[in-house]
Amino acid sequence: MTRSIMKSMAYAAALGLGLMAGPTFAADFSAVYVMSDNLGDMGFNDNAATGFARAEKEGVKTRLLQASPTDPQLWRQNLEAVSNSGDWSVVFTGPNMHDNLADVAPQHPDQKYVFFDDELKQPNVLSVKYAQNEGSYLAGALAAIAATDKKDFPLTSGDPKIAVVAGMDLPVIQDFILGFKQGAKTVVPDIDVQVIFIGNFNDAQKAYDLTKTAIQNGANVVFNVAGPAGLGILKGAADSKKYAIGVDSDQSGLHPDNVIASVIKQIGNSIYDSIKQIQDGKAEFGKLKVYGLANEGVGLVYNDKLVPADIKAKVDAAKAKVVSGEIKVDTAFK
Amino acid sequence: MNLTSLLAAVLEQSTPILLAALAAMITLRANILNVAVEGMMLAAAFAAVAVGDWSGSAWPAFLSALVVAVVLSQLLALLTLRFFADFIVAGLGINLLAAGGTLFILERYYNSPGGLRPIAFPDIWHIPAGSLSWLPVLGPAFEGQSVIVLIALVAVPLTYVFLYKTPLGASLRAAGEDEHAARSAGIRIAAMKALSLAISGLLAGLAGAQLAMDKLHFFLPDMTSGRGFIGLAATLFGGGQPWMTAAASFLFGFFGALGDRLQVFAIPSQFVLMLPYVAAIIGLTFARWRILVRNRPARIRDNPQ
């Protein structure tokens with residue numbers, strides 16, 4: 001509690017300074033990100049921060065307002081404070097902020113907002129979402145190849161069996177799973193995909209146990225869709241000497257002999273792109289923009305040590321079909 | 001379904017619950033409902049990973065986990081026995097302290113609030129593969145288990161002997177059963193309660209060390225995920241008796257491991273994940289019912305024809 005109070009005070013002080021210095025940078029472009037979490041997760045938030053860092057190098061004034069994930073009131077206070085100040089050309093906000101933004105955005109019709117990883121229909125809000133199903137589609141294709149190709153992937157049994165270990169049964173997670181299944185089936189039609197849920201996003205020990213169970217049931221590749229608990233999935237696959245596919249950031253370095261690739265949402269890219277478009281006056285506020293494979297919003301990064309070039313070529317061929325629109329990837333969002 | 005792998009999974013999943021349950025049991029016998037087991041486990045897990053990362057060897061990491069949990073237990077003893085705070089309120093305070101404190105250190109010292117994952121972490125002793133192959137089914141299930149699993153199994157008879165066969169254990173139970181009678185018999189109540197909390201801390205420290213050091217070798221905020229409270233439920237289910245508490249812990253571990261295996265079938269995951277908790281509710285209901293039946297007065301019949 002005291003920690004969050006201290007934080008609020010620090011932010012209040014920071015904002016106060018911002019107000020005093022207001023006129024000097026009012027003409028320049030500035031962006032603030034009101035967060036519902038902290039940096040340092042090696043995933044979503046750190047990825048977003050890279051986008052702001054890129055923009056800052058090009059002269060955009062940026063500020064990231066971190067907040068404890070257990071302190072929703074502070075998220076709201078920060079959002080109201082930056083909206084009231086009127087100092088920021090654009091206010092970014094992300095997960096968990098839907099209801100807050102739905103209240104605050106209509107009160108400040110002249111303030112521009114970018115809302116990413118979610119959608120809000122307001123004339124001054126640009127919503128940005130990610131086609132995680134398309135990224136997972138490639139992961140599924142790679143997993144199916146890895147499970148059945150004993151020559152290039154010596155740790156597999158050759159049986160067409162793979163698994164997804166997921167955090168909770170939520171729409172965004174189902175979107176990952178649907179894409180993964182479809183991608184696997186296009187390569188190996190009779191592939192067996194186990195879908196397993198942990199029930200939360202932080203029980204790494206349970207994630208580890210479930211991964212071992214999936215592997216005992218024959219899975220050769222396990223796809224991690226479990227946020228922080230996913231570290232347990234990767235460890236379970238590594239201890240069982242099988243393969244895993246990471247998520248949210250490039251996780252190959254964690255277990256270089258076992259993690260063959262990672263599905264990433266290029267949140268940083270999309271943020272940088274949004275800032276550029278707003279600066280150029282091209283952004284369409286009031287609409288939803290989807291970042292998928294076609295505009296580099298999601299992607300698959302390989303572990304070059306484990307995935308040979310000809311396999312990459314096969315997966316990239318599948319990617320080309322999605323980009324060209326020849327294949328429509330299943331989605332949980334209708 | 002492979003019996004050996006199921007047994008191994010039951011052992012692995014039951015161990016933290018069993019240790020947490022024994023930790024709650026020992027204080028329950030001194031008339032303390034210890035809700036702080038969860039927090040002591042979490043702090044111990046963090047200490048194990050932090051010290052393992054810093055020192056590079058397993059034993060200091062293991063010992064520091066125990067020390068941190070015992071220190072927290074004595075902080076709880078100080079708050080409740082010296083300053084007369086309520087046990088539940090102070091216990092929940094310890095949980096908040098552990099959750100917030102670990103996050104604070106992660107953020108301020110390690111600069112990564114998402115977790116602490118050392119690149120190399122020392123391995124604690126595991127039963128070597130193949131060493132128990134002479135024992136059918138059970139042997140292979142034990143292979144690869146950490147030394148803490150063995151300690152947990154030994155802790156059950158040890159707590160039994162301590163509580164029922166030693167004078168100190170008898171005094172501890174007397175302090176819990178009837179404070180006034182025990183005090184008049186010359187037993188130092190506060191010392192007994194502090195001792196029970198210290199043993200509780202030791203056992204909770206083992207539970208935390210098992211979570212962090214057995215397989216995972218990293219720390220995540222909230223990685224205990226309610227195991228301390230499941231252990232508390234197992235103790236209440238077992239009525240504070242060592243053998244029954246152990247049986248209840250294994251029951252929960254069994255349903256957890258069974259649930260993991262049932263996920264392969266097309267059962268909705270929500271139902272499978274419910275299993276250990278459904279088992280807890282049924283178990284607790286059954287335990288209450290048994291006490292009711294036992295304590296029911298003999299029925300006097302009005303009409304003896």
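**Figure 1. Chain A overall.** Chain A carries eleven helices and twelve strands. Helices (H or I, at least four residues) and strands (E, at least two) are DSSP runs, numbered from the N terminus. The radius of gyration of chain A is 21 Å, close to the 20 Å that the globule rule gives for 334 residues, so chain A is as compact as a globular protein of that length. That radius is taken over C-alpha atoms, and the globule rule is 2.2 Å times the number of residues to the power 0.38. The C-alpha trace spans about 65 × 45 × 35 Å along its principal axes. This is a predicted model: local features need pLDDT of at least 70, side-chain atom pairs count only at pLDDT 80 or more, and totals for chains, interfaces and linings use all residues. Residues are numbered from 1 along each chain as its sequence is written, and chains are lettered from A and ligands numbered from 1 in the order in which they are written.

**Figure 2. The two domains of chain A.** The assignment, automatic or from a database, gives domain 1 (2-130 + 267-291) and domain 2 (132-265 + 304-324). Their C-alpha centres lie 33 Å apart. Six residues from domain 1 and four residues from domain 2 make the contact. Two residues are in contact if their C-beta atoms, placed from the backbone, lie within 7 Å.

**Figure 3. The six-stranded open sheet of chain A.** The strand order is S7-S6-S8-S9-S10-S12, with mixed pairing. Two strands pair if DSSP finds at least two bridges between them. Strand S7 (192-197) and strand S12 (298-302) are the edges, each pairing on one side only. From one strand to the next, the twist averages 20 degrees.

**Figure 4. Strand S6 and its neighbours in chain A.** Strand S6 (residues 161-166) runs parallel to S7(A), joined by six bridges. A:Lys161 stands opposite A:Asp192 in S7(A). Helix H8 (residues 204-216) lies across S6, S7 and strand S8 (221-225), at about 165 degrees to S6(A). Axes are lines fitted to C-alpha atoms, for helices over the stretch in contact, and angles run from 0 to 180 degrees between N-to-C directions.

**Figure 5. Helix H7 of chain A under cover.** Helix H7 (residues 171-187) reaches 25 Å from its first C-alpha to its last, close to the 24 Å expected, which is 1.5 Å times one less than its number of residues. Twelve of its 17 residues are buried, meaning 20 or more other C-beta atoms, placed from the backbone, lie within 10 Å of a residue's own. Among them are A:Phe176, A:Leu178 and A:Val187. The cover includes helix H6 (132-148), S6, S7, S8 and helix H11 (309-324).
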